[in-house]
Amino acid sequence: MGFLKNGLWNNSLRFNVNEEGSFDRPNSIFREGVSLDHPQFKPERNRYHLYVSYACPWAHRTLIMRSLKQLESIISVSVVMPDMLENGWEFGDSFENATKDHLNQNCYLYEVYQKSDPTCTCRVTVPVLFDKYTQKIVNNESSEIIRIFNTSFNLLTNNNDDYYPKQLRSDIDAINEVVYHAINNGVYKVGFSQTQAAYDVAVNDLFNQLDKLDSHLNSCDYLVGNQLTEADIRLIPTLLRFDSVYHTHFKCNKKQLRDYPNLYSYSQHLFNLDAIKTTTFFSHIIRHYYYSHKLINPYQIVPVCPDPVF
Ligand SMILES: N[C@@H](CCC(=O)N[C@@H](CS)C(=O)NCC(=O)O)C(=O)O
């Protein structure tokens, strides 16, 4: 772990917490779009590169959308190694399915950030959408990268599937808001809490929301509108990681996913979609979490996990 300060790498074990001891996720700083109207970033074949970790739930949603929208031949990908230690995310191919940085031949992801902005002060996170022409990061916020993938390259792919359709937007926005705070970011708030009070609040929010979603899914197959939408694509990466890592490593252990009948069958159904199955790598997930957070697992012990259910 670590961060960039004025363009220089600082090694640090710490993550941001507020005065109450609750995890505070910093905002992503690169927030451009890709469109015909954009002054710089136009939709073009082979122009953009996606940096991901197979362990990371935020990166996972971008990989799912890239696959659903048939962007594999238009947007290339590099996959970091699962361990995120003194130098942050590293490139290499010594762990199965991880890759070197074929684009810029960097050793570390922070070098991609330095190339884009040599004086930036920020955390060095995945996913990153990088422009090969200008050598700039276009966007490092997953919720925006999936919107870019949903529409910006339609003219090149002729894939007009819409995972954020106009008539469902307000329902999708509403569920995204709750799922982000209580579940996607919620598991991190539980796991990185530094006071009992912060933990109690976050863990209650998490399981209250999972209870509600389990009831909601009693009568439908998808979160919104009985079709696969962005809301499902944002939730499923967290659910797939739940029993293997969040339950034990982040102390989200009131229940496992398999204890929720509807959420569990919903997760199995989604996992069996090609775009989700082919982008899920449990070996990266398990290795990353138990190895990379030395503050909460200093001896990097990988516990016996329940058998994977997917
Ligand atoms: N808001 C960002 C969050 C991305 C994020 O926090 N990714 C984690 C991996 S799961 C990361 O790279 N963390 C490195 C760090 O914070 O130093 C997004 O959704 O894209």
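Which residue in β9 is the bridge partner of D131? The partner is K136, and this pair belongs to the contact between β8 (residues 128-131) and β9, two antiparallel strands joined by three bridges. Helices (H or I, at least four residues) and strands (E, at least two) are DSSP runs numbered from the N terminus, and two strands pair if DSSP finds at least two bridges between them. The structure is a predicted model, in which local features need pLDDT of at least 70 and side-chain atom pairs count only at pLDDT 80 or more, while totals for chains, interfaces and linings use all residues. Residues are numbered from 1 along each chain as its sequence is written.

Strands β8 and β9 are part of an open sheet of four strands in the order β4-β3-β8-β9, with mixed pairing. Because β4 (75-79) and β9 (136-139) stand at the edges, each with a single partner strand, one side of each is left without a neighbour in the sheet. Neighbouring strands of this sheet are turned against each other by 35° on average, direction ignored. Axes are lines fitted to C-alpha atoms, for helices over the stretch in contact, and angles run from 0 to 180 degrees between N-to-C directions. Helix α1 packs on the sheet, where it touches β3 (48-52) and β4, and its direction makes about 140° with that of β3. Here two residues are in contact if their C-beta atoms, placed from the backbone, lie within 7 Å.

A second open sheet consists of three strands in the order β2-β1-β7, with antiparallel pairing. Its edge strands, β2 (8-11) and β7 (122-123), each pair on one side only. Strand β1 (residues 2-5) is joined to β7 by two bridges, and the two run antiparallel. Within this pair, L4 stands opposite C122 in β7.

Most residues other than glycine have a negative phi, and most peptide bonds are trans. N6, in the loop between β1 and β2, has a positive phi of about 50° although it is not a glycine. In the loop between β7 and β8, where P127 is found, a cis peptide bond joins V126 and P127, with omega about 0°.

Helix α1 also packs against helix α3 (residues 142-151), the axes coming within 9 Å and crossing at roughly 5°. The two helices are therefore roughly parallel to each other; angles under 35 degrees count as roughly parallel, over 145 as roughly antiparallel, 65 to 115 as roughly perpendicular and the rest as oblique. On the α1 side the contact involves W58, A59, R61, T62, M65 and R66, which meet S142, I145, I146, F149 and N150 in α3. By class, this contact has six nonpolar, three polar and two charged residues. In this classification Ala, Val, Leu, Ile, Met, Phe, Trp, Tyr, Cys and Pro count as nonpolar, Asp, Glu, Lys and Arg as charged, and the others, Gly among them, as polar.

The shell around the ligand comprises 14 residues, of which the closest are C56, W58, R123, T125 and S142. A residue is near a molecule or strand if its C-beta atom, placed from the backbone, lies within 6 Å of it. The shell divides into six nonpolar, six polar and two charged residues.

The protein chain is assigned domain 1 (2-157) and domain 2 (166-273), with bounds that come from an automatic or database domain assignment. The C-alpha centres of the two domains lie 24 Å apart. Their contact takes 13 residues from domain 1 and 17 residues from domain 2. On the side of domain 1 that touches domain 2, the largest share, five residues, comes from helix α1 (residues 57-68). That side has seven nonpolar, three polar and three charged residues.

Helix α5 (residues 169-184) and helix α7 (residues 196-216) pack at an angle of about 130°, with their axes 8 Å apart. This angle makes α5 oblique to α7. V178, A182 and I183 in α5 meet D205, L206, Q209 and L210 in α7, a contact that divides into five nonpolar residues, one polar and one charged.
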